[in-house]
Amino acid sequence: MKADRMKNLGMLYRFELGKIIRRKTTLVTVGVVLLLILLSLGLDSVGCYYINGVKMDTNYHRNQIFKADQLGLDGRPIDQELLEEMGSGYDRIPEEAIHGEIPYVATEEYETYARPYSAIFNFVKQVLRRNISEVFTWEPDEQDLYLTRQQMLEKEWEEVFLTEKEKEFWRQKEKEIEMPMVFRFKEGYWHLHDSMYTVGFLVIFATAICLAGVFADERGRKMDQLILSSKYGRNPLYLAKVLSGISFTVLFVMLICGLSVLETYFLYGLEGFDAAFQLIMPSFSYPVTVGESVLIAFAMLGAAAVITGVFVMVLSEVLHNSLGTLALTAGIIILSMVFPSSAIPERYRLISQLWSYLPSNFVAAWEIFSCRTVPVLGMVLVSWQAVPILYLVIGCGMAVVGRWKYTNGQVG
């Protein structure tokens, strides 16, 4: 009997997964999302590069020039020597260009002397958090650069109301980061992070569209009388539907991530997997590489999409209406965009932090790699360690509620 039940469950699972994949709505939605993601990642490499309305180059060729510049600096520590080389190059730019009378990137001095160090200049600008004219006048100083970064971290920890235990946690993590930082070419990973919020929004929204009818369509098509009287009861069918919805979501996320990595490889390259993540996000203190950070972001995208899928499927069973399910889910997603966690005053930390864990918010790099932590059994967990556990607990709770509603619902 048990073997028959498992065989029946496997058959139901394959049938339900096939139903989701073969829906015209699913095929159209996935196709549109893939196209939008291709455009989003490739936007910086299409078209031409203009200065004051004059075409200077194609964006693709320009990107290849910057890549060659950065590869020329690859492996060098961002120390006093490199900072002075950068300063010497930027010192050659004419005064009128520095003060904005003409674009400094249009000068011959920039192209010849400064441009090869533009990635270092941008890193310094991120750390100092000053405008371009102030960075131009900054006297290259390795000690000042890293001291300013440490002060920036301490200030940010104060602004988000971290506890002393959390601050000490991050100070210990800072000691694990190599100083001075070593510059590596990492543009491909930067583009993946830069597009993550857009990609995440599209994946979350597409998941809602594709799964909104998993349970509701039975009611709408009056198939519930036949389906709910199955030989082995409703439990196997409910489990098959939920598992097929989760499987579809995981496969969809894997497809999106694979496509994103493939396009990034061809357009920008994937060199620098082991570069320090702080080259992209100087305000984060956890010792991970840019490659590891992208893998973490992809995993969080998968977790956010799965919990969204479970929520949508359970909601469709509760409402018995796919349009109502989609409308409510879309409303929550749009609300999270219009009213992000940053709009909540930091003094209301718990509310702000929980709101940042909403799947449509948590796909953003600044939320995944937030300095706000979660205490669990005396341990300090960072967001990308704690949120999947939270999603698992909530997802199981929602699945139990959905099962109760499905197995006890009356046939219409």
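Reply: Let us begin with the residues that touch: in this predicted model, Phe311, Val312, Leu315, Ser316 and Leu319 in α15 meet Gly324, Thr325, Leu328, Thr329 and Ile332 in α16. Sorted by class, the contact of α15 with α16 has 6 nonpolar and 4 polar residues, and no charged residues. The spacing of such numbers along a helix has a simple background, because an α-helix has 3.6 residues a turn, so residues three or four places apart point the same way.

Now step back to the helices themselves, where α15 covers residues 290–319 and α16 covers residues 322–338. Two packed helices are described by the angle between their axes and the distance between the axes. For this pair, the axes come within 9 Å and cross at roughly 135°, and α15 and α16 are therefore oblique to each other. The crossing of α15 and α16 is right-handed.

Helix α2 (residues 24–42) packs with helix α14 (residues 234–267) at an angle of about 30°, and their axes are 10 Å apart, so α2 and α14 are roughly parallel to each other. Their crossing, too, is right-handed. Among the residues that make this contact are Val30, Leu34 and Leu38 of α2, together with Phe252, Leu255 and Leu259 of α14, and by class the contact of α2 with α14 divides into 12 nonpolar, 4 polar and 1 charged.

Key. Residues are numbered from 1 along each chain as its sequence is written. This is a predicted model: local features need pLDDT of at least 70, side-chain atom pairs count only at pLDDT 80 or more; totals for chains, interfaces and linings use all residues. Side-chain values use heavy atoms; hydrogens and water are left out. Axes are lines fitted to C-alpha atoms, for helices over the stretch in contact, and angles run from 0 to 180 degrees between N-to-C directions. Helices (H or I, at least four residues) and strands (E, at least two) are DSSP runs, numbered from the N terminus. Angles under 35 degrees count as roughly parallel, over 145 as roughly antiparallel, 65 to 115 as roughly perpendicular and the rest as oblique. A crossing is left-handed if the near helix is turned anticlockwise from the far one by less than a right angle, and right-handed if clockwise. Contact means heavy atoms within 4.5 Å. Ala, Val, Leu, Ile, Met, Phe, Trp, Tyr, Cys and Pro count as nonpolar, Asp, Glu, Lys and Arg as charged, and the others, Gly among them, as polar.
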